[in-house]
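Here's a quick briefing to read alongside the model.

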Amino acid sequence: MRSIAVINQKGGVGKTTSSVNLAAALAMAGRKVCVMDLDPQAHASLHLGITAVDGEPSMYEVLCGEASLSQARRQVNENLSVVPANLDLAAAELELAGEVGREMILRDKMEDDDEKFDYIILDCPPSLGVLTVNALVAVGEVFLPLQPHFLALHGLSKLLRTIEVVSRRLNSGLRLSGVMLCMYDSNTRLAAEVSNDIEEFFQASQCSREFFRGAKFFDTRVRRNIRLAEAPSFGQSIFQYSAESNGAADYQSLADEVIAQEKSRIVGPIRMAA
């Protein structure tokens, strides 16, 4: 099983879009996939057509010890399920603040879960609080979505330091295993320049940072596509909403790269496509 946290403390970089559509593409490829929505905005849940209503277990009840993952999990299709969130999850940050071992709650819940998956994908909130730390402690891998914008590197060092601290102190098996560019516009010079800047940043840091030495800079560029923006309002993945769109093609290509990692699990150093 591969457990992957999709993280970026910046909003609007394609984090939830990537979590949902990558999961859907992997499910279409025959993998059994579970999405865990750790964002109180519940966008991943809504994107998959699932709403956590009052009286039904959600991620909030899971983290507060009132429900198991199996009780909260909802089936989306044959190979895809989701543990949904709602706004109640925002209160978990405060309610768990005084709990001993609060960073380990989700990990323990996942270890107690009898259901087995090929992939568990955690959509994390755009912050570095208790919810995100729980995700980092519970998983083995981190995928980092980045937008090719001049602010892409702003705050990136802090995010990487947080991942590194968790890797060193709480989860020695944690690795940054994938970096993906979203909202890519190949017609702009800026996209190419920022992509090169990102490549140089990671190459310069690899020698001193063990936790992402084996990461892959995915060749797939997820292009700007209006269909990707429209799909969530219909509660559908891009494959249900517009299977012939560039967005569907890009996430299918990204899933193929992720599946290819299964053979080695540790891939070569981060590189940019030509």
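**Charges and overall build**

With a relative accessibility of 34%, Glu56 falls in the partly exposed class. Keep in mind that this is a predicted model.

Salt bridges
- The Arg74–Glu56 pair ties together distant parts of the chain, 18 residues apart: Arg74 sits in strand β3 (residues 74–75) and Glu56 in the loop between α2 (43–47) and α3.
- Arg74 counts as buried because its relative accessible area, 18%, is under the 20% cut-off.
- Asp113 and Arg73 also meet through their side chains, 2.8 Å from N to O.
- That pair spans 40 residues, from the loop between α6 (105–112) and β5 to the loop between α4 and β3.
- Asp113 is buried at 9% relative accessibility, and Arg73 is buried at 13%.
- Lys15 bridges to Asp123, with the closest N and O atoms 3.2 Å apart.
- Here helix α1 (residues 15–28) is linked to strand β5 (residues 119–123), with Lys15 and Asp123 108 residues apart.
- Both Lys15 and Asp123 are buried.

Surface charge
- Asp54, Glu66, Asp88 and Glu95 make up a negative surface patch.
- Glu66 is in the loop between α3 (59–63) and α4 (69–72), and it's exposed at 55% relative accessibility.

Overall build
- The protein has 12 helices and 8 strands.
- Its radius of gyration is 18 Å, close to the 19 Å from the globule rule for 274 residues, so it is as compact as a globular protein of that length.
- The C-alpha trace spans about 50 × 45 × 35 Å along its principal axes.
- Buried residues account for 53% of the 274.

Note on methods: Residues numbered from 1 in each chain as written. Predicted model: local features only at pLDDT ≥ 70, side-chain atom pairs only at ≥ 80, totals over all residues. Heavy atoms only, no water. Patch = residues over 30% accessible without salt bridge, like charges linked within 9 Å, V, L, I, M, F, W, Y side chains within 5 Å. Areas by Shrake-Rupley, 256 points an atom, 1.4 Å probe, with all protein chains shown as cover. Salt bridge = Lys/Arg side-chain N within 4 Å of Asp/Glu carboxyl O. Lys, Arg positive; Asp, Glu negative; His and termini not counted. Charge placed at Lys NZ, Arg CZ, Asp CG, Glu CD. Helix = DSSP H or I, 4+ residues; strand = E, 2+ residues; numbered from the N terminus. Buried < 20%, exposed > 50% of the residue type's maximum accessible area, 1.4 Å probe, protein only. Rg over C-alpha atoms; globule rule 2.2 N^0.38 Å.
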